[in-house]
Amino acid sequence: MSNIKKVAVIGTGVIGAGWIIRCLAHDKIVYAFDKDIKLKRNLISEIKRTWPSVKKLFNKKKINLNNFHYFTSIEEALKDADFIQECASENYSLKTKLMNTIGKYAKPNSIIASSSSGLLPTRIYSKCKNPERALIGHPFNPVYLLPGVEIVPGKKTSKKYLLEANKFYKSISMNPVMVKHELPGYLCDRLQEALWREGLHIINEGHASTEDLDRVIEDGPGLRWSLMGTFLTFHLAGGKSGMRHMLEQFGPALKLPWTKLKAPNLSKSLINRLVEGTKKQSKGKSISQIANIRDQYLVELQKLRKKYENKIRH
């Protein structure tokens with residue numbers, strides 16, 4: 001378990017507010033910073049608006065607003081914090097300058113995490129004091145409900161602080177993914193960006209509407225993706241032989257002009273990585289066993305979705 005109790009959140013927009021709500025729901029003491037005291041009222045309203053969903057998800061009876069402190073002085077917000085979550089705009093110049101300030105006023109061993117969606121941590125923290133304690137903690141919106149967070153190291157980030165950050169995020173009911181090396185866009189946003197760019201091409205060429213594209217995801221792979229991602233899904237698509245057979249059968253399609261993105265060569269090394277990776281994901285379960293779990297999930301999910309889809313679609 002993490003010993004971190006005092007958290008500073010720098011910036012109280014959509015992402016910052018999400019972090020604040022999630023931390024309060026897990027009994028953390030939160031020091032929020034923003035320049036305008038008027039934003040405090042908006043933040044309190046957002047906490048109250050989201051609380052019914054948050055308390056249901058985390059089985060909480062009430063929220064302790066005595067743990068919430070709002071500052072218009074960044075120095076005051078940072079001085080006692082053990083963990084700092086930065087949520088400023090996605091801009092290298094702005095973030096680099098801000099991290100210099102945060103590094104100056106934070107305790108020497110406080111962990112500094114940026115909520116950046118894709119900027120390189122080494123560059124963001126290039127002027128930050130003690131960059132070995134600095135990293136990316138990229139969440140997904142709404143932060144107060146979604147458990148995903150990507151932990152991305154910079155070139156100077158210490159393993160010690162990465163492990164501490166991992167423990168902290170788990171202590172607020174998150175499921176961290178430790179990204180091995182920094183790369184632009186990290187993991188999920190690169191996948192989302194590929195889908196987004198393909199969608200723009202399809203619409204630009206007049207093949208479909210935005211609604212058409214959303215529907216094929218919502219009623220097709222999107223239902224599966226909430227339980228298993230692309231690779232385990234394709235592992236099942238190969239039948240009893242799994243990923244290796246799927247690659248043999250559908251691998252040639254990578255050379256067809258189905259996408260504007262150029263596919264990598266399906267080398268023996270890449271095939272082996274895919275086969276071994278999905279084998280590991282399977283945890284010893286057979287294709288049939290995984291398929292049965294998936295099917296049960298999809299039935300339950302679609303029953304649940306019926307309660308809400310008419311509200312969205314009509």
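Y186 is buried, since its relative accessible area is 0% and the cut-off for buried is under 20%. This comes from a predicted model, so treat every value here as computed from that prediction. You'll find Y186 in the loop between β8 (175-178) and α7 (188-204). Its backbone is worth a look too: Y186 isn't a glycine, yet it has a positive phi of about 55 degrees. Most residues other than glycine have a negative phi.

N130 sits in the loop between α5 (121-124) and β6. How exposed is N130? With a relative accessible area of 23%, N130 is partly exposed.

Further along, P142 lies in the loop between β6 (134-139) and β7 (148-153). The peptide bond leading from N141 into P142 is cis, with omega near 5 degrees. For context, most peptide bonds are trans.

## Two domains

The protein chain splits into domain 1, covering 6-178, and domain 2, covering 187-283. Going by C-alpha atoms, the centres of the two domains are 33 Å apart.

## How α1 packs on α2

Helix α1 (residues 14-25) packs against helix α2 (residues 39-58) at an angle of about 50 degrees, and their axes are 10 Å apart. That angle makes α1 and α2 oblique to each other, and the crossing is right-handed.

Which residues make the contact? From α1 there are A17, I20, I21, R22, L24 and A25, while α2 brings L43, E46, I47, T50, W51, V54 and F58. Sorted by type, the residues of this contact come out as ten nonpolar, one polar and two charged.

## How α10 meets α12

Over in another helix pair, α10 (residues 230-237) and α12 (residues 268-281) have axes that come within 10 Å and cross at roughly 95 degrees. So α10 is roughly perpendicular to α12.

On the α10 side, F231, L232 and H235 make the contact, and they meet L274, T278 and Q281 in α12. The residues of this contact divide into three nonpolar, three polar and no charged.

## An exposed asparagine

Back at α2, N59 is placed in the loop between that helix and β3 (68-71). Is N59 buried or exposed? N59 counts as exposed, because its relative accessibility is 70% and the cut-off is over 50%. From N59 to R215 the sequence separation is 156 residues, and their C-alpha atoms are 33 Å apart in space.

Technical notes: Residues numbered from 1 in each chain as written. Predicted model: local features only at pLDDT ≥ 70, side-chain atom pairs only at ≥ 80, totals over all residues. Heavy atoms only, no water. Axes fitted to C-alpha atoms, helices over the stretch in contact; angles between N-to-C directions. Helix = DSSP H or I, 4+ residues; strand = E, 2+ residues; numbered from the N terminus. Parallel < 35°, antiparallel > 145°, perpendicular 65-115°, else oblique. Contact = heavy atoms within 4.5 Å. Nonpolar A, V, L, I, M, F, W, Y, C, P; charged D, E, K, R; others polar. Domains from an automatic or database assignment. Left-handed = near helix turned anticlockwise from the far one by under 90°. Buried < 20%, exposed > 50% of the residue type's maximum accessible area, 1.4 Å probe, protein only.
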